[in-house]
Amino acid sequence: MTKRQRNERANGTAKDGAPDEGPLYARIRDELAAKIASGKLKDGTKLPTVRELARERAINPMTVARAYRELAERGFIIARPGSGSYVSRPGRPPAGNGRTAVAVDPSIDPGGISSRLFELARAPGVIAFTGNYPSVDMSDAASFAHCLQEALARGAIEYFRYDPPAGREELREALLPFLATQGIDARPGNLIVTSGGQQGMDIVARSLLRRGDRVILEEPAYFGAINVVRAAGAVPVPLRFGPKGFDLDEVEDAIRRHHPRLIIINPTFQNPTGHSVPLDQRRGLVRLALEHGVPILEDDHSPELRFRGDALPPLRALPDAEQVVYYTRGFGKTFIPGVRLGFLLPARGGLNGCLEIKATTDLQSPALLQGALANYFKQTDWRDYVTRACAAYRARQEQLFDILIDKVGDYGRLLLPEGGLSLWLELAGEINAREVYFNAVRRGVAFAVADSFSFRPDQPSALRISFGLTDPKDYEEGASRLAHVLRNVVTPQRKLSSAFV
């Protein structure tokens, strides 16, 4: 076998025999599909992992991943998070515990994709539209440094002792006026300081969920929410989420059919789409949760970054919501990115269970940073920072939106959200977002693809274009690079002029 043949075989492009046999990934796909259809592979049979099959056949794992992905799309297999890929003959329910699991693309790895995004954001020469959090200017950094120095000046020794898992009381007290601006009434004893909003989600999931539980989860969804559901071994029940929010009738139908243990929702400037849930739907969702006794986990990452439209109350601020809503947020999406602090406000009766999980996870969040953040909220004019940030990022959002409409508007639908630091470009026709992504990386421009926010293989092909850390001077060049990639992967017949404001 020549070097070229070995490379073709490893990359899944070799053809053994007649030209019409097709690429290797398709032959693997068809071979397995035939065995499943004939019954040689029984329902519920566990398949080798991607790496195992790639090693067995001496081929590239991406070849196997593509074959598995297409088998999942056609209903021949189903991936169970944390367990593996199993045979599921088309037209039959998957074998197992009787639950209707959502088919998960075996090649989708939100954690792995997000790790690559962080790497790309720092690569030389890459214009990275990946930062869904704000940059911090020198004056804001100096302000927090002063808060840190003041905490040390009061007596460093107090910060070098263990604190209760709930967090330092000085920070929990300092957060009360901040919560009041969101319409949330809380007491220090009800708050748990967390290492960012992600830990708050993980604590709730680990406290409430058991393997096989159903979870209503918006689609597309923040990959951090997908990961906590997968880690718990729970089964996601998709809730369609769009520019006008969701359908309350669909929520009620899903509750009655699936008896979910939890609903996870990011109602304001949703990550990744930027859409927000209208007030009537927020009230309706809380009403349904109260009627059916289903807890809600509300991820509220950056409600302050509103550029237009009226502010909407978080679910937790609505009447009787404290009975069912677990409210979590981190400060990195609005204030002081990188500090990795946040808080969790459990629903009534959920405090002790969440504290037990927090105590077994990391015992406490960093004490010194808690002291500095308490000073930040007590002593600085954080409202002035929000005002300045909103003015600056509104201008950046509108500038980037106009450039993208001009450069790539013919290739999909682009919506202008009322706030947040991302734009969601739904690609037109048969454009493959993953193909665009890999070509764009080679072209020196990066963004997040819909795969990062998917738990099913049939998600729309879309890009999340975030501008929190991108220099506005690079917007034009970055959009031009993306347009160049789209021109190369799309034929003129597949273009669609459909940009919406």
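User: How are helix 2 and helix 4 oriented where they pack, roughly parallel, roughly perpendicular or oblique?

Analyst: In this predicted model, helix 2, spanning residues 24-38, packs with helix 4, residues 61-73, and their axes lie 8 Å apart. The angle between them is about 45°. Because angles under 35 degrees count as roughly parallel and those from 65 to 115 as roughly perpendicular, helix 2 is to helix 4 oblique.

User: What is the handedness of the crossing of helix 2 with helix 4, and how do the residues of the contact divide by class?

Analyst: Helix 2 passes helix 4 in a right-handed crossing. Helix 2 contributes residues including Leu 24, Ile 28 and Leu 32, while helix 4 contributes, among them, Ala 67, Tyr 68 and Leu 71. By class, the residues of this contact are eight nonpolar, one polar and three charged.

User: How is helix 6 oriented relative to helix 13?

Analyst: The axes of helix 6 (residues 138-153) and helix 13 (residues 367-379) come within 8 Å and cross at roughly 120°. Since the roughly perpendicular range runs from 65 to 115 degrees and roughly antiparallel applies over 145, helix 6 is to helix 13 oblique.

User: Which classes of residue make up the contact of helix 6 with helix 13?

Analyst: Helix 6 passes helix 13 in a right-handed crossing. Among the residues in contact are Phe 144, Cys 147 and Glu 150 of helix 6, together with Leu 369, Asn 375 and Gln 379 of helix 13. The division by class is ten nonpolar, three polar and one charged.

User: What share of the residues of the protein chain count as buried?

Analyst: The protein chain holds 16 helices and 15 strands. Of its 501 residues, the share that count as buried is 53%.

Key: Residues numbered from 1 in each chain as written. Predicted model: local features only at pLDDT ≥ 70, side-chain atom pairs only at ≥ 80, totals over all residues. Heavy atoms only, no water. Axes fitted to C-alpha atoms, helices over the stretch in contact; angles between N-to-C directions. Helix = DSSP H or I, 4+ residues; strand = E, 2+ residues; numbered from the N terminus. Left-handed = near helix turned anticlockwise from the far one by under 90°. Contact = heavy atoms within 4.5 Å. Nonpolar A, V, L, I, M, F, W, Y, C, P; charged D, E, K, R; others polar. Buried < 20%, exposed > 50% of the residue type's maximum accessible area, 1.4 Å probe, protein only.
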